[in-house]
Amino acid sequence: MSIRVASNDLNPRPSKRLRYSSADSPTSCHARNLLDLPSDVPSQCIPAPTSHLRRIPSDALLLSIPALILHPSTHRMHLQSIALARHALRRCLVLPSLDPAKECRAWTGIAELGMMWLDTGASGLALGEVEQALTKAITISQRHPALRLYTPHLMVLSARLAQRYQNNSKFAISTLRRLLTTLACKSTIDTPSNVLFGAHLELIHCLARAAEEEVMSPSSSTGTGGGVGKCLVAIQAMRNAADALEPAGWPNVVVLLSTVIKLQLLVRHGMWSTVGDALADAEKAFEAFDASLRTVPSPPLELSPTTTNSPTSNPTATLDPVPGTLRTHLLMLGVLYHTYAGDAQTASTRLRSLHELLDTGILEPRSPTGDARLGFLEGWNEGVIEIPFPSSNSSSIWTPPLRIRTTPPRVLHALAFLLSAVAKRDAVGRAPKKGVFARAGLELRELVGPFGGTGNSIRLARIKADLMCELVAISTMRSDFPLSQSTLDNLISHLLTYALFDMYAGRVTLLHAQLAHARGDRERARKCYGVAMSLAGQGKGGKMDEWVGCAARAGEVWIRIGEFRRLGGGDDRAEDRIGRKEMDELRREGEKIAKECEGHGAALHAVGELLRACLAEEILKGKQHLRRALDLATRAQDNHLRALVLALSASHYLHTARDHALTMLGTCGQLATGLGAAPKDKGALQGTGDKNKKEKEKSEGISGNLPLSIWVGERMAELWRLEGDVGRAERQEGVNERMRGVVDAWRRR
């Protein structure tokens with residue numbers, strides 16, 4: 001019993017807990033705890049009485065310490081936990097008469113902990129210690145046949161150490177190929193599937209890193225064909241091994257993984273000519289997987305020994321998160337490819353499917369009963385997934401799953417907003433979806449806060465930078481110059497904070513050039529285009545710098561075309577006053593840039609066709625190029641570019657087909673006005689707004705792309721005067737004069 005003493009103290013000492021014994025109560029403390037437990041707790045989870053506990057041997061205790069004390073990489077005591085775990089394994093190795101299995105396990109643990117330490121980038125650990133541990137462990141595992149399963153894992157660690165920290169990719173690749181040859185040998189004992197495919201994935205990773213080094217090497221002049229080709233061969237070998245798994249017809253997740261890896265590799269290296277076929281192949285593989293789920297009601301899949309005999313286990317529900325993650329990657333890559341190709345309708349269909357998939361919570365881990373539980377799969381929040389394998393028909397031995405690290409779910413959600421902002425190209429309207437997704441993504445990133453892990457934090461920092469670039473682009477297209485300038489300032493501050501400015505320097509300079517070009521500051525725009533070309537030539541931004549350099553060169557040619565137009569007076573004899581030599585030089589440079597634009601997606605392809613149309617010597621050829629540009633812009637739903645194409649097309653029909661010209665000018669004027677339409681206020685939606693003010697703003701038309709609206713207004717006024725409608729022409733000239741005042745105010749800021 002407990003004794004309470006009355007006291008006036010505001011913070012009294014808590015009462016002591018008394019120890020129960022058999023003399024104090026007819027039931028022991030353990031029995032009382034059993035009465036307090038819920039009825040649905042399994043009996044094996046109930047702690048045993050202390051009287052039945054035995055002393056743990058020293059070697060078993062020391063070997064178990066790393067699993068008990070290790071903290072994740074996001075924890076502030078991560079390095080301390082690694083150091084303490086290494087010390088425990090070192091103490092285990094000095095114990096007398098240590099069993100070979102435990103000695104091999106200790107050396108393997110020291111090698112794994114050493115790799116974890118090296119991955120953090122901290123000092124205080126030499127590579128020699130990891131090499132010594134690997135050598136000792138491999139020697140012991142090869143000496144004892146019972147420890148043969150340690151050998152593949154140790155060889156994978158040796159290859160990883162050689163490539164990451166010793167810059168010896170050839171040794172790593174040869175080691176892994178030798179390992180796969182040994183595992184595939186028929187004379188060897190059956191190898192677990194997780195070991196076999198783990199070796200395949202490690203070889204693919206090594207070849208992919210070697211291909212990246214080949215691209216980034218300044219001495220490489222053969223392109224990316226050799227390294228990428230070897231990696232594709234390794235991916236196909238992995239898929240062939242997955243197809244050979246038994247039983248036939250089971251839902252094979254490894255096949256899905258191989259198709260997604262192949263697709264990501266092709267997209268990463270910009271091999272767009274082969275991406276379409278790879279995407280179709282991946283989609284067929286997912287359709288076959290869905291069909292196998294329907295035809296095989298109960299595939300022999302197991303996640304862990306604890307769920308083997310569970311009567312409530314649902315294999316289909318167990319598989320949901322893993323193929324859901326792979327399907328998310330497939331849809332993202334599909335949206336990216338079709339956006340690059342300029343097929344907005346197909347990209348929109350896949351984007352809708354992507355959002356529907358994410359809204360179902362498919363990325364949340366599920367228990368065998370189908371309930372969403374965050375702790376069911378260890379490391380799920382860090383992107384670790386488990387791919388189960390079927391048990392062999394000849395034996396009922398449980399096959400361990402293959403654990404791989406993919407993109408974390410929270411990063412996938414942020415990527416979905418970025419991809420949506422990139423795919424939505426239409427900037428016309430009161431609330432264009434491109435800006436809506438960009439702002440929503442930035443708000444999501446701020447709400448989530450810092451994400452653990454150095455790699456993930458840098459990844460999210462880049463996603464945020466890309467979202468801010470999209471917001472700058474949509475603001476510039478809609479002539480919201482104050483928002484563009486403030487977002488650019490915030491973008492530069494963000495890039496400097498995360499040491500990413502060198503990677504984004506060319507892109508940021510290009511955005512500055514486009515902003516100055518839209519404002520009419522030709523001198524600043526030309527200087528920024530030149531700096532962007534110079535920064536893109538350094539190649540610090542990877543594949544993005546190729547696109548930035550091409551766009552900057554195209555923008556610089558646009559400025560030169562405008563300057564020649566002003567110097568020549570804008571009539572048919574302008575070329576004679578400028579000089580034939582200068583125009584021929586400009587045409588050659590424009591044709592060169594137009595050919596370069598053809599290999600950088602549908603958007604730049606349309607820009608290249610516009611360049612050819614403006615520099616064409618024959619009117620008929622100019623109209624043909626404008627038709628191609630209009631088809632590309634319409635297919636991509638890029639109304640910002642479509643308005644420019646319509647304006648240039650209308651200029652060819654001003655004196656030959658006035659009705660057709662008026663129709664195109666009217667459509668162009670509507671698009672130009674829509675590139676800046678303000679969202680409706682709540683008062684207008686409820687019918688209480690100032691109607692006179694709205695009608696006045698509508699009649700004036702002071703919104704959107706004002707330079708384009710002024711040009712359209714001038715042409716329409718000319719046509720109306722030719723048609724004899726003087727009053728309408730005078731009203732249009734008054735609107736044009738007010739728009740010129742607004743543009744002059746922009747340039748004075």
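This is a predicted model: local features need pLDDT of at least 70, side-chain atom pairs count only at pLDDT 80 or more; totals for chains, interfaces and linings use all residues.
Let's start with two helices, α14, residues 344-359, and α15, residues 409-423. Their axes come within 11 Å and cross at roughly 160°. Angles over 145 degrees count as roughly antiparallel, so that is how α14 and α15 run relative to each other. The crossing of the two is left-handed. On the α14 side, the contact is made by Leu351, Leu354, His355 and Leu358, and α15 brings in His413, Ala416, Leu419, Ser420 and Ala423. Sorted by class, that contact has 6 nonpolar and 3 polar residues, with no charged ones.

Now for the charged side chains.

Asp59 sits in helix α2 and Lys102 in helix α4, 43 residues apart, so to speak distant parts of the chain being linked. Asp59 counts as buried at 16% relative accessibility, while Lys102, at 28%, counts as partly exposed.

Next, Arg90 pairs with Glu129 at 3.3 Å between the closest N and O atoms. Arg90 belongs to helix α3 and Glu129 to helix α5, so this bridge ties together parts 39 residues apart in sequence. Glu129 is buried, at 19%, and Arg90 is partly exposed, at 30%.

Finally, Glu737 and Arg740 meet at 3.1 Å, N to O. Both lie in helix α31, 3 residues apart, about one turn of the helix. They also belong to a salt-bridge network with Glu714, Arg715 and Glu718.

Definitions and conventions: Residues are numbered from 1 along each chain as its sequence is written. Side-chain values use heavy atoms; hydrogens and water are left out. Axes are lines fitted to C-alpha atoms, for helices over the stretch in contact, and angles run from 0 to 180 degrees between N-to-C directions. Helices (H or I, at least four residues) and strands (E, at least two) are DSSP runs, numbered from the N terminus. Angles under 35 degrees count as roughly parallel, over 145 as roughly antiparallel, 65 to 115 as roughly perpendicular and the rest as oblique. A crossing is left-handed if the near helix is turned anticlockwise from the far one by less than a right angle, and right-handed if clockwise. Contact means heavy atoms within 4.5 Å. Ala, Val, Leu, Ile, Met, Phe, Trp, Tyr, Cys and Pro count as nonpolar, Asp, Glu, Lys and Arg as charged, and the others, Gly among them, as polar. Buried means under 20% relative accessible area, exposed over 50%, partly exposed in between (1.4 Å probe, protein chains only). A salt bridge is a side-chain nitrogen of Lys or Arg within 4 Å of a carboxyl oxygen of Asp or Glu.
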